[in-house]
Amino acid sequence: MSLPPLVEPADDLSIDEVRRYSRHLIIPDVGMDGQKRLKNAKVLAVGAGGLGSPVLMYLAAAGVGTLGIVEFDTVDESNLQRQIIHGQSDVGRSKAESARDSIKEINPYVDVRLHETRLDSENVLEIFADYDLIVDGTDNFATRYLVNDAAVLLGKPYVWGSIYRFDGQVSVFWNEHGPNYRDLYPVPPPPGMVPSCAEGGVLGVLCATIGAIQATEAVKLITGIGETLLGRLMVYDALEMTFRTIKVRKDPEGEPITGLIDYEAFCGVVSDEAQQAAAGSTITVDELKDMMDAGKDFELIDVREPNEYEIVSIPGAKLIPKDEILSGRALSQLPNDKPIVLHCKTGVRSAEALAAVKNAGFRDAVHVQGGVTAWATRIDKALPTY
């Protein structure tokens, strides 16, 4: 959908800026007017991770005058496979500060504003208010719905992107001119149905493709050129190397957004059934280690996927993937004569599996809080994490 330019042009460009952006200036559709609009634009990136990295780098290079970054995390070595705005020397640093330093290397004319906080219902409206456009690169449903509802309440457009393994999606949402995220996804998927990138993985270069499309849409919105993805969802399959677009329309029966809600409760990290099953049936990795040292007889079940098991495992754990338990196919493999202890990577999937195991009659089963990640960071630090 064609839209008018999002911001007014700046008064002028310096001689240095003309030299820097000359390849934009000689494009008739961009020209001096479009570049001045980029200079005057204020764009907020939610996240400086896989998608935020290419978005921030390309918008900085394009000459967006003000870039805000909402990011509370620190750089981990596992980020470097895809989060190209960070480098080896940044491991352990604030992601926001690392991203700021990279942006300054790309373009010193950009004003970088850091918001080193977790975005929530208490601060989102105040943070968003100062920006013309939001680019959402988050990887959890609670924050996606929060970003959407805040943008709707403030009347702001935003560019949304999503990645998982080999697949990516991109769209533009602007409630005043077209659909918003809730028109595409009225309700979140059931807890545990869609794994995060941390659980399911993501092809590193996929971030570049989807992030570059997000940055392209941001430039188009700011300058008012081309046809945006407002009202369309672009779906990318890296394995098949295909792009397709799906029309997205406003839901005439959709509930109006009148305020912010408890998004963690709305999306749910785990199902109510899993929470109930885990209540009073959760042990720590220290307690698991004590059970092993005491020689207690129990069955330790790892409910992750086989490729995860190959990366790292707790000694003595037997692999039975969660889906095998939830479907009932693996219940016959569970012992009736000894206690069952379930674990996964962090404790989310094992809680879901615990509910199914308890429903099958294994009332004494427990699961391990923190999973193999907690085991590797607290008990056996020689083991890798992922």
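Predicted model: local features only at pLDDT ≥ 70, side-chain atom pairs only at ≥ 80, totals over all residues.
On the side of domain 1 that touches domain 2, the residues comprise 2 nonpolar, 1 polar and 1 charged. The contact itself involves 4 residues of domain 1 and 7 residues of domain 2. Together the two domains bury about 430 Å² between them, and carbon and sulfur atoms account for 34% of this area.

Domain 1 spans residues 15-267 of the protein chain, and domain 2 spans residues 272-379. Taken over C-alpha atoms, the centres of domain 1 and domain 2 are 36 Å apart.

Helix H17 covers residues 371-379, and its buried residues are Gly-371, Val-372, Ala-374, Trp-375 and Ala-376. Among the elements covering these buried residues of H17 are helix H13 (285-293), strand S12 (340-343) and strand S13 (366-368).

Ile-222 is part of helix H10, which runs over residues 204-223. Ile-222 counts as buried because its relative accessibility is 0%, the cut-off for burial being under 20%. Apart from neighbours within four places in sequence, the residues in contact with Ile-222 are Pro-5, Leu-6, Val-7, Arg-37, Leu-38, Ala-41, Val-43, Val-64 and Leu-133. Met-241 lies 19 residues from Ile-222 along the chain, and the C-alpha atoms of Ile-222 and Met-241 are separated by 29 Å.

Definitions and conventions: Residues numbered from 1 in each chain as written. Heavy atoms only, no water. Domains from an automatic or database assignment. Contact = heavy atoms within 4.5 Å. Buried area = accessible area lost by both parts, 1.4 Å probe. Nonpolar A, V, L, I, M, F, W, Y, C, P; charged D, E, K, R; others polar. Buried < 20%, exposed > 50% of the residue type's maximum accessible area, 1.4 Å probe, protein only. Helix = DSSP H or I, 4+ residues; strand = E, 2+ residues; numbered from the N terminus.
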